[in-house]
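Here's a friendly walk through one protein model. Have the picture open while you read.

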Amino acid sequence: AVAKPSNFLRGIIERDLEAGTYQGRRFAGTPGDAAHHAAGPLDAAKVRTRFPPEPNGYLHVGHAKSICLNFGLARDYGGVCHLRFDDTNPEKEEQEYVDAIKEAVHWLGFDWNAEVGGQTTSHLFYASHYFDFMYRAAEALVTAGLAYVDEQSAEEMRANRGDFTTPGTPSVYRSRTPEENLARLRQMRDGELADGAAVLRAKIDLASPNINLRDPTLYRIKRATHHNTGDRWCIYPMYTYAHPIEDALEQITHSICTLEFEDQRPFYDWLLENLATLGLLAHPLPRQHEFGRLNLSYVVTSKRKLRQLVEEGHVAGWDDPRMPTLFGMRRRGYTPAAIRAMADGSGASKSNIWLDYSVLDGCLRNDLEGQAPRAMAVLDPLKLVLTNWAEVYGSDEHLEPCTAPAHPARPELGERRFMLGKELWIERDDFEMEPPKGFFRLFPPRLLPDGDVTPGNRVRLKYGLVIECTGYEINQHTGEIYNVLARVVPDTRSGTPGADAVKVKGTITWVAAADGVPATLNLYDRLYSEPQPEAGGRDHLTVLNPKSKVVTQGWLEPSLAGAPREARYQFERHGYFISDRIDHSAEAPVFNRITTLRDSWAA
Ligand code: ATP
Ligand code: MG
Ligand code: MG
């Protein structure tokens with residue numbers, strides 16, 4: 001196993017393990033209810049973490065950070081990590097998202113099925129399975145005088161909450177007796193009150209400097225069909241109430257969340273301590289620990305903004321290869337290992353971090369360098385004609401077989417085969433009519449001021465031979481070059497004795513017209529042109545990169561003709577590409593650029 005950088009969460013877990021904080025856990029719920037089952041075998045898993053997405057959208061790279069952290073800590077300390085759908089908000093949640101989240105977690109390389117005590121157990125949970133328990137807990141709080149039904153309007157409630165300098169004003173309903181509150185709560189549950197007519201609130205402290213303790217809402221009335229419980233409930237728990245209970249019922253030890261929940265921690269503890277006192281939960285209780293969010297430069301991760309990109313058509317869908325969703329990144333070609341390496345490498349700290357996008361690209365190149373087979377491809381094709389081909393090889397139709405290693409450092413992967421012929425495709429920018437200083441690729445003979453003519457430049461066709469540029473053909477009307485002319489320099493065939501006798505400063509990649517495979521190439525770049533798209537409150541849509549997707553019709557060497565979907569290659573000189581997992585086929589190949597190569601090709 002790779003040594004993981006230490007972080008404060010590891011420190012906390014190690015201290016807890018040493019102190020035996022979670023030894024002798026027992027479950028206090030009623031045997032037989034869903035919550036009881038949730039705890040699973042208790043003793044074997046020492047550390048329990050959870051990844052608790054709300055199934056209201058697709059996972060993105062920020063979630064990947066949380067997944068790697070939670071599943072990673074559980075793995076490293078011999079525990080388990082739960083995948084829990086925090087589905088307490090019926091209107092926005094859908095089965096489609098549940099399925100997509102499960103698929104994404106698996107794709108990233110994690111599993112909620114874990115070996116506990118020699119047995120494989122599923123640790124997939126739904127907050128909605130605990131609605132009964134949550135309701136019972138609400139009644140217990142009411143009975144104990146720790147919660148009340150408030151029937152103020154939403155505006156009144158807001159106005160009476162006070163602010164940082166003014167304490168809140170008690171609602172007239174705050175002094176109801178527990179009996180009155182219990183009766184009213186049951187009416188809420190039984191559908192006797194209209195949506196929004198009342199809420200259940202905790203009775204804590206209206207003067208608390210922490211606004212979250214000023215009698216937070218626990219339940220609201222909402223007639224909405226839930227993806228799991230259907231129309232069984234017309235009241236639903238608030239996230240802040242539900243989440244601590246979910247953690248406790250599942251015997252989570254370390255409830256790890258992002259920093260914005262720090263101010264919720266006192267309520268988290270208040271709730272669990274009180275439920276333990278009331279006999280509904282047992283010590284030791286879970287503890288919440290906050291870490292800083294991961295932000296990537298050139299990326300926006302708010303679900304609302306991602307939705308905007310999709311719905312307004314700025315991208316083709318949730319899995320558009322430019323999207324930071326895990327489905328988008330997968331389609332773009334990012335590997336799970338690269339995403340995990342980035343997430344693990346970014347550690348965990350007490351402040352939000354901005355990571356440069358190049359870190360992710362670096363992780364990707366590290367992962368792909370050793371495994372991606374090489375291939376030649378021409379992204380922006382220009383025809384090259386070798387005018388003395390028949391002279392050298394006997395006929396214009398002759399084809400010279402060439403070979404190249406599938407991977408320069410891995411001979412076991414074998415060889416690629418392709419042909420060299422009279423007509424080839426080369427990159428448009430590998431030719432210059434008037435070469436700038438330091439340009440070592442193709443340029444034609446030039447007339448010097450003194451009347452002399454310098455010969456055209458010589459380059460090596462990679463794995464082929466040396467050629468010398470003799471001229472070009474241009475469309476007089478458009479000014480577009482359509483043919484570059486060159487001649488073969490004899491006895492320079494790669495792999496033959498003396499091939500290196502002719503020295504050249506440039507080597508170019510190419511694909512023969514005879515055996516090249518036409519392909520659609522999606523050249524993706526960053527979605528935004530600014531590293532912090534929302535800096536200073538700017539609307540992210542104003543800094544969309546107009547060149548984030550450039551589509552070209554290019555040529556591939558024939559070894560790619562049979563490429564399956566989702567296969568990654570390094571196109572020599574150009575970068576890493578993947579065959580599109582949806583649009584690619586042998587008849588109509590489609591490749592996406594994942595990222596360019598670290599080093600730009602020497603001119
Ligand atoms: P959004 O705010 O975009 O709606 P969310 O955070 O509300 O996303 P959830 O489904 O509630 O989405 O998130 C599941 C978990 O992922 C939470 O524990 C959340 O803290 C964590 N998470 C989300 N974004 C990031 C991020 N950028 N870095 C680290 N963790 C994150
Ligand atoms: Mg959320
Ligand atoms: Mg959020």
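First, some housekeeping. This is a predicted model, where local features need pLDDT of at least 70, side-chain atom pairs count only at pLDDT 80 or more, and totals for chains, interfaces and linings use all residues. Residues are numbered from 1 along each chain as its sequence is written, while chains are lettered from A and ligands numbered from 1 in the order in which they are written.

**The ligand site**

Start with ligand 1, which has 14 residues around it, the closest being Pro53, Gly62, Ser66, Thr258 and Lys303. (A residue counts as near if its C-beta atom, placed from the backbone, lies within 6 Å.) Two or more residues of this shell come from each of helix H3 (61–76) and strand S10 (254–258). H3 gives the most, with four residues. (Helices are DSSP runs of H or I with at least four residues, strands are E runs of at least two, and both are numbered from the N terminus.) By type, the shell has four nonpolar, six polar and four charged residues. Here Ala, Val, Leu, Ile, Met, Phe, Trp, Tyr, Cys and Pro count as nonpolar, Asp, Glu, Lys and Arg as charged, and the others, Gly among them, as polar.

**Domains**

The domain assignment, automatic or from a database, gives domain 1 (148–235) and domain 2 (374–595). Their centres, taken over C-alpha atoms, are 67 Å apart. UniProt, in an unreviewed entry, lists residues 507–580 as "domain: tRNA synthetases class I (E and Q) anti-codon binding". Such annotations may be inferred rather than shown by experiment; positions use the numbering here and feature names are shortened. That span is 0% helix and 41% strand, and its end C-alpha atoms lie 29 Å apart.

**A seven-stranded sheet**

Now find the open sheet with mixed pairing, whose seven strands run in the order S25-S22-S23-S24-S16-S19-S26. Its edges are strand S25 (507–508) and strand S26 (510–512), each pairing on one side only. Two strands pair if DSSP finds at least two bridges between them. Here are some of the pairings:

| Pair | Sense | Bridges |
|---|---|---|
| S19 and S26 | antiparallel | three bridges |
| S22 and S23 | antiparallel | three bridges |
| S22 and S25 | parallel | two bridges |

You can pick out bridge partners too: tryptophan 425 goes with valine 511 in S26, arginine 458 with glutamate 468 in S23, and leucine 461 with isoleucine 508 in S25.

(Buried means 20 or more other C-beta atoms within 10 Å of the residue's own, exposed means 12 or fewer, and partly exposed is in between, with C-beta atoms placed from the backbone.)

**Loop residues worth a look**

S22 and S23 form a hairpin with four residues between them, and tyrosine 463 in the turn has a positive phi of about 65 degrees. Tyrosine 463 is buried because 21 other C-beta atoms lie within 10 Å.

Arginine 573, in the loop between strand S29 (568–571) and strand S30 (575–579), also has a positive phi, near 80 degrees. Arginine 573 is buried, with 20 other C-beta atoms within 10 Å.

Proline 531 sits in the loop between strand S27 (517–524) and strand S28 (549–556). With 15 other C-beta atoms within 10 Å, proline 531 is partly exposed.
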